[in-house]
Amino acid sequence: MSNQAAWIPEARGKLVVKEAPMPQAGEGEVVVKNHAWAINPVEWKIQTYGIMLQSYPNILGVDSAGEVHDVGPGVTHLKKGDRPPPPPAHLAPIPRRLPALLPLHLPPRPKDPPTLPFKDAAVLPLAISTAANSLYNEKTLRLPYPSLTPSSTPSNQSVLIWGGSGSVGALAVQLARASGVKVVAVCGAQNIQNVRRLGAHEVIDYNSPSATSDILAALKGTEYLGVADCISTEASARGWTPVFEQLGGRTPPPAPPAVYPPRPSLGNRTPVPEEQILEDLLPPPAAGTLYTNPQ
Ligand SMILES: NC(=O)c1ccc[n+]([C@@H]2O[C@H](COP(=O)([O-])OP(=O)(O)OC[C@H]3O[C@@H](n4cnc5c(N)ncnc54)[C@H](OP(=O)(O)O)[C@@H]3O)[C@@H](O)[C@H]2O)c1
């Protein structure tokens with residue numbers, strides 16, 4: 001058996017798929033055989049701007065889904081053929097090396113039933129970490145942790161999810177809904193039904209001339225916690241700034257490594273501990289109720 005990876009030979013170089021070293025499962029590690037990869041936006045940013053990688057040649061990739069291929073000494077909670085839960089991205093440094101076979105240190109936890117196809121589960125690792133950190137971090141929105149059985153009536157608290165139709169935004173909408181707050185989301189007109197289906201209470205087209213007043217009307221009478229900007233571009237910041245000017249609220253930096261705006265990066269925040277993501281935030285895939293974008 002051989003291992004394969006998409007190598008970037010030098011800064012700003014073109015990717016080349018070729019042989020990669022075969023990993024050994026070390027103490028407490030499993031080797032995961034990946035079945036699906038998602039191309040994360042961070043990939044093109046690393047490639048285009050020559051950022052984040054310290055040495056070349058290197059291997060790009062942060063998002064994948066697969067099954068356990070080999071277990072190292074001391075691993076008793078997983079065996080060959082198991083589908084481990086999607087690993088939160090900060091289990092390993094970003095960018096972590098992502099060949100076909102990947103050694104990972106997965107905390108003890110019962111494995112999830114394989115309710116998500118590999119191609120959908122591959123979208124989760126970095127997107128769910130990013131969405132979770134945008135909502136639950138001490139330095140971000142500090143939402144109540146999500147529940148599988150949230151009240152059908154939202155609490156008086158509310159959040160604005162800017163970009164509810166993207167990978168990060170779709171997870172943020174579902175997590176915020178599961179936290180029991182009122183979820184007001186924006187997306188393109190063509191995605192309004194989709195974002196409603198994800199659980200947003202009110203969905204507004206960010207291109208509409210009445211977007212700001214529609215958002216303010218949707219948030220009226222609630223305790224507004226702030227915005228999770230799941231797009232992090234100059235245009236998205238322009239979109240929510242009038243809401244911030246009127247209502248205040250927290251404006252955490254949700255989506256590093258966005259090129260704009262130049263706000264503090266994830267490194268300046270305390271990430272939500274990975275055990276908490278695994279234990280508290282990921283039960284929805286186990287229950288088969290989490291939707292991933294793109295589908
Ligand atoms: N995916 C990750 O794991 C991850 C992790 C860390 C950081 N990030 C960063 O997070 C940002 C989004 O990544 P993503 O993977 O979630 O993107 P994505 O899945 O590619 O989302 C793209 C969607 O963003 C929406 N959009 C574009 N401009 C917008 C605007 N001005 N206002 C509102 N929505 C807008 C569009 O939705 P409509 O079609 O509905 O208009 C578009 O379909 C990027 O800056 C990325 O670098 C992503």
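User: Which residues make up helix 4, and how does its span compare with what 1.5 Å a residue should give?

Analyst: This is a predicted model. Helix 4 covers residues 167-178, 12 residues in total. At 1.5 Å a residue they should span 16 Å, and the end C-alpha atoms are 17 Å apart, which agrees.

User: Is helix 4 mostly covered or mostly exposed?

Analyst: Mostly covered. Of its 12 residues, 12 are buried. Among them are Ser167, Gln174 and Arg177, along with Leu171, Val173 and Leu175.

User: What follows helix 4?

Analyst: Gly180 follows helix 4. The phi of Gly180 is positive, near 90°.

User: Now the core. Which residues touch the most other members of the largest nonpolar core?

Analyst: Ile161 and Ala172 do, in a core of 57 residues. Ala172 is also one of the buried residues of helix 4.

User: What is Ile161 in contact with, beyond its neighbours within four places in sequence?

Analyst: Its contacts include Gly169, Ala172, Val173 and Ala176. Those four are also listed among the buried residues of helix 4. Ile161 is in contact with Val183, Ala185, Ala200, Ala228 and Cys230 as well. There is also a second, separate core of six residues, including Ala25, Val30, Val68 and Leu78.

User: Switching topic. Where does Tyr56 lie, and is Tyr56 buried or exposed?

Analyst: Tyr56 lies in the loop between helix 1 (41-49) and strand 4 (58-59). Tyr56 counts as exposed because it has 12 other C-beta atoms within 10 Å, and the cut-off for exposed is 12 or fewer.

User: Is the peptide bond from Tyr56 to Pro57 cis or trans?

Analyst: Cis, with omega near -5°. Pro57 is in the loop between helix 1 and strand 4. Most peptide bonds are trans, and most residues other than glycine have a negative phi.

User: Which residues other than glycine have a positive phi?

Analyst: Arg12 is one, with phi near 65°. Arg142 is another, with phi near 55°.

User: Where are they found?

Analyst: Arg12 is in the loop between strand 1 (3-8) and strand 2 (16-20). Arg142 is in the loop between helix 3 (124-136) and strand 7 (157-162).

User: Are they buried or exposed?

Analyst: Arg12 is exposed, with 11 other C-beta atoms within 10 Å. Arg142 has 13, so it is partly exposed.

Definitions and conventions:
Residues numbered from 1 in each chain as written. Predicted model: local features only at pLDDT ≥ 70, side-chain atom pairs only at ≥ 80, totals over all residues. Core = buried A, V, L, I, M, F, W, Y, C linked by C-beta atoms within 7 Å. Buried ≥ 20, exposed ≤ 12 C-beta atoms within 10 Å, placed from the backbone. Contact = placed C-beta atoms within 7 Å. Helix = DSSP H or I, 4+ residues; strand = E, 2+ residues; numbered from the N terminus. Expected span 1.5 Å × (residues − 1).
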